[in-house]
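Please consult the sequence and structure shown here.

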Amino acid sequence: MLELSRVSASYGSVPAILDVSIAVGEGEAVGLLGANGAGKSSTLRAISGLLKLSSGAVRFAGTDLAAMPAYRIPELGIAHVPEGRQVFPEMTVEENLEIGAYVPKAKAARAQTMELVYGIFPRLAERRRQLAGTMSGGEQQMLAVGRGLMLKPRLLMLDEPSLGLAPVMTDVTFEKIGEIHGMGTAILLVEQNVSRALSLVTRAYVLESGRIIMHGTSAELAGNRQVQAAYLGI
Ligand code: ATP
């Protein structure tokens with residue numbers, strides 16, 4: 001469904017990703033792992049059109065994304081939940097969710113999708129009138145994911161969803177992502193919490209200095225000595 005072929009991109013003269021090739025199948029959950037600055041967020045930005053490609057191609061369900069303006073990409077069913085949540089703090093939970101359904105197809109189904117999101121995240125339903133900026137980090141993360149789901153995405157890209165969360169909220173977040181995946185949504189997950197990520201995804205790619213240095217099934221990567229030493233503290 002999603003295919004990156006030899007994608008390179010940079011910020012001015014600073015290279016961010018080099019020759020990155022990854023694929024995510026329909027309904028699949030795939031991880032993107034690596035240390036700080038390895039290029040994980042940049043890969044997601046290259047997919048959602050926020051970072052211009054210098055070479056290579058990104059295709060989604062047969063469409064060439066590089067040829068599209070960034071604002072059209074969500075219409076294809078790609079939701080990007082950025083690092084740091086970025087909810088609108090002065091708006092209520094419900095208003096934040098409404099904004100998530102901004103493409104015509106999602107807007108038509110807004111009320112129904114919102115009930116689905118509230119079903120997955122009952123905490124958001126309880127807090128629907130609360131200003132997003134007054135919620136805890138974990139609740140804001142749920143809201144950011146919920147807002148992404150309002151697009152009715154075929155692919156949900158999550159950038160460091162557990163960043164800064166207490167262990168109990170990390171557990172809840174991963175449980176919810178698993179639930180969303182179980183409903184048939186494909187997931188592309190960027191995570192520094194490698195052991196948690198590998199328990200959720202079926203395959204993962206490891207990035208280092210902008211390049212893919214390894215990929216395999218979760219079991220293969222969890223058993224790989226290099227991965228164990230670098231990311232699993234074994
Ligand atoms: P992190 O988890 O720390 O966000 P990452 O793996 O997501 O790491 P990226 O954020 O994609 O890494 O960064 C890849 C490279 O691009 C790094 O060298 C980084 O310094 C650089 N970079 C990222 N954003 C910018 C920017 N806005 N301007 C210039 N360079 C950037």
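In this predicted model, a polar backbone atom of Ala-38 lies 3.0 Å from an oxygen atom of the ligand. This is one of the polar contacts (pairs of N or O atoms within 3.5 Å) tabulated below.

| Residue | Protein atom | Distance to a ligand oxygen atom |
|---|---|---|
| Asn-36 | side-chain N or O | 3.1 Å |
| Ala-38 | polar backbone atom | 3.0 Å |
| Gly-39 | backbone N or O | 2.8 Å |

The ligand taken alone exposes 620 Å², of which the protein buries 64% (Shrake-Rupley method, 1.4 Å probe). Around the ligand are 14 residues, each with a heavy atom within 4 Å of it; Gly-37, Gly-39, Lys-40, Ser-41 and Ser-42 are the closest. Helix H1 (residues 40–47) supplies the largest share of this shell, four residues. By class, the shell holds four nonpolar, six polar and four charged residues, with Gly counted as polar.

Elsewhere, helix H2 (residues 93–100) and helix H6 (residues 137–149) cross at roughly 35°, their axes coming within 7 Å. Helices here are DSSP runs (H or I) of at least four residues, and axes are lines fitted to C-alpha atoms, with angles from 0 to 180 degrees between N-to-C directions. Val-93, Asn-96, Leu-97 and Gly-100 of H2 meet Leu-143, Gly-146 and Arg-147 of H6 (heavy atoms within 4.5 Å). Three of these contact residues are nonpolar, three polar and one charged.

Residues are numbered from 1 along each chain as its sequence is written. Local features need pLDDT of at least 70 and side-chain atom pairs count only at pLDDT 80 or more, while totals for chains, interfaces and linings use all residues, and side-chain values use heavy atoms, leaving out hydrogens and water.

Key
A polar contact is a pair of N or O atoms within 3.5 Å; within protein, one must be able to donate a hydrogen and the other to accept it, and residues adjacent in sequence count only if both atoms are side-chain atoms. Helices (H or I, at least four residues) and strands (E, at least two) are DSSP runs, numbered from the N terminus.
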